[in-house]
Structures are given as C-alpha cells and as structure tokens.
Amino acid sequence: MNMKTFYSLLIILVAFSMTAYSQEDTSYGFDKGDFYFSGAFKYSSLISDQFYPDNELFVEPSAGYFITDNISLGVQSEFLLSNTDNYEGFGVGVNGRYFFMPKKRFNVFTELALDYSNTKTNFRTFNDKTEAYSATFSTGLNYFITKNLSLFAKFEILDYSYSQIDTNTNNFFNPPRNYDDHKIRIGPENLHLGVIYKF
C-alpha cells in the first residue's frame with residue numbers, strides 16, 4: 001500500500017469516527033465477560049526482477065474474551081492464500097487489546113500480539129522454509145454497525161521478528177544452509193480489515 005492510499009483511508013476513517021463519536025447510545029460496545037469471534041484479512045503484493053508478480057491474501061480468524069470492560073485476551077491464527085502454488089504458510093498466536101472507550105459505538109484500541117509462523121517457498125531450483133517468532137504493537141479503530149457486529153481497521157505500528165531460515169538451492173555449488181534473521185519494522189504499511197461478532 002502506498003502512502004497516498006494510506007492517508008486517504010486514514011482521512012476517511014477519521015471523518016467516519018468523528019461522526020460516530022457523536023452518538024451517545026451506550027448500549028453498544030463491550031462489557032466484562034463478552035466473548036467474540038473475529039475475522040480479518042491483510043493483502044500484499046510483490047513484484048521483483050527475480051520472481052513472478054505475486055499477490056498474497058492473509059486470512060486471520062481469532063477469538064477473544066473480555067476480562068474487564070477495557071481489556072480482552074485472545075488467540076489468533078493466520079493463513080496465506082497466494083495466487084501461485086509456490087508459497088504456503090500459516091501462523092498462530094495470542095493477543096491482548098485495550099479499548100479506550102468500551103461503552104461507545106465507536107472505539108479506539110491498541111493491541112500487543114505474539115505470533116509463531118511457518119512459511120515455505122518452492123521453486124524448481126530453490127526452496128526454503130522459514131519459522132518466525134514476532135511481537136507486534138498495533139493501533140486500531142472499531143465501529144458497531146449493530147449491537148453485536150462491528151467493523152474494525154488495524155494498523156501495525158511496530159513489529160519485531162526473529163526468523164530461522166532453512167534454504168536449499170538444489171544445486172551442488174550452493175549447498176543447503178541455515179541462518180537466523182532479526183528484523184524490526186516500523187511503519188503503517190500493514191493494514192488489517194475485519195469484523196467482530198460478540199456474544
């Protein structure tokens with residue numbers, strides 16, 4: 001996602017949030033003891049000189065429970081859907097969210113998530129397997145369209161990951177190798193969109 005698209009979405013969300021915040025109906029929102037299911041998606045596209053254009057859609061089901069009016073704890077998963085057969089991946093993790101205005105129809109939240117992911121890349125002369133452990137801090141907006149169903153947008157602000165990569169080039173002159181990779185990413189380029197249904 002380029003910055004122009006990001007800022008356009010941000011302006012739309014802020015305008016939408018100002019309208020929603022003016023509504024004072026406190027029957028919306030979250031309470032201690034609420035249980036919810038959530039589904040989200042994240043899209044990315046890669047075009048390079050070395051590989052074919054690749055479009056990836058990450059589907060992210062999750063479930064959570066509110067231990068207080070403001071705080072929820074949850075479990076989450078992630079599945080990679082790619083437009084080619086060369087990539088496959090999944091992930092699992094846990095998260096905690098803090099909602100600043102739990103009794104409002106519109107809400108702002110922050111999230112801290114810990115994840116494990118496993119991805120594989122398979123080409124005729126090259127393949128690798130990556131296991132990654134990550135900690136991600138995000139902020140987001142949530143809006144109830146009914147008493148139980150809400151829409152949300154989440155931006156990853158800070159992400160730290162540690163990866164173990166096993167590479168095999170299927171080539172005598174480039175034997176298999178293992179190496180570790182540490183990465184810190186700061187930026188709003190990862191946008192997640194989804195829905196929450198509370199019980």
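Mentor: What follows goes through the salt bridges pair by pair and then turns to their surroundings.

This is a predicted model, and the chain has an average pLDDT of 78, with 66% of the residues scoring at least 70. Confidence is lowest in helix H1 (residues 3-21), with a mean of 52, and highest in strand E9 (residues 191-198), at 92.

Side chains of opposite charge can pair when their charged atoms come close. The structure has five salt bridges.

Start with glutamate 111. Its side chain meets that of arginine 97 in a salt bridge, at 2.7 Å from N to O. Arginine 97 belongs to strand E4 and glutamate 111 to strand E5, and the two are 14 residues apart, so the pair links distant parts of the chain. Glutamate 111 also forms a salt bridge with lysine 154, at 2.9 Å from N to O. Here the partners are 43 residues apart, with lysine 154 in strand E7 (residues 149-168) and glutamate 111 in strand E5.

Are these side chains buried or exposed? Buried means under 20% relative accessible area. Glutamate 111 has 3%, so it is buried. Arginine 97 counts as buried because its value is 6%, and lysine 154 is buried as well, at 9%.

Now take lysine 103 and aspartate 69. Their side chains form a salt bridge of 3.7 Å, N to O. Lysine 103 lies in the loop between strand E4 (87-99) and strand E5 (106-122), and aspartate 69 lies in the loop between E2 and E3, so the pair ties together parts 34 residues apart in sequence. Lysine 103 is partly exposed, with a relative accessible area of 30%. Aspartate 69 is also partly exposed, at 28%. A network of salt bridges links Asp31, Asp69 and Lys103.

The nonpolar residues complete the picture. The largest nonpolar core has ten residues, among them Phe30, Phe66, Phe99 and Phe109. Leaving aside neighbours within four places in sequence, phenylalanine 99 has contacts that include Phe30, Phe66 and Phe109, along with Asn70 and Asn107.

Tyrosine 65 is found in strand E2 (residues 54-66) and is partly exposed, with 42% relative accessibility.

Notes. Residues numbered from 1 in each chain as written. Predicted model: local features only at pLDDT ≥ 70, side-chain atom pairs only at ≥ 80, totals over all residues. Heavy atoms only, no water. Core = buried A, V, L, I, M, F, W, Y, C linked by side-chain atoms within 4.5 Å. Buried < 20%, exposed > 50% of the residue type's maximum accessible area, 1.4 Å probe, protein only. Contact = heavy atoms within 4.5 Å. Helix = DSSP H or I, 4+ residues; strand = E, 2+ residues; numbered from the N terminus. pLDDT = per-residue confidence, 0-100. Salt bridge = Lys/Arg side-chain N within 4 Å of Asp/Glu carboxyl O.
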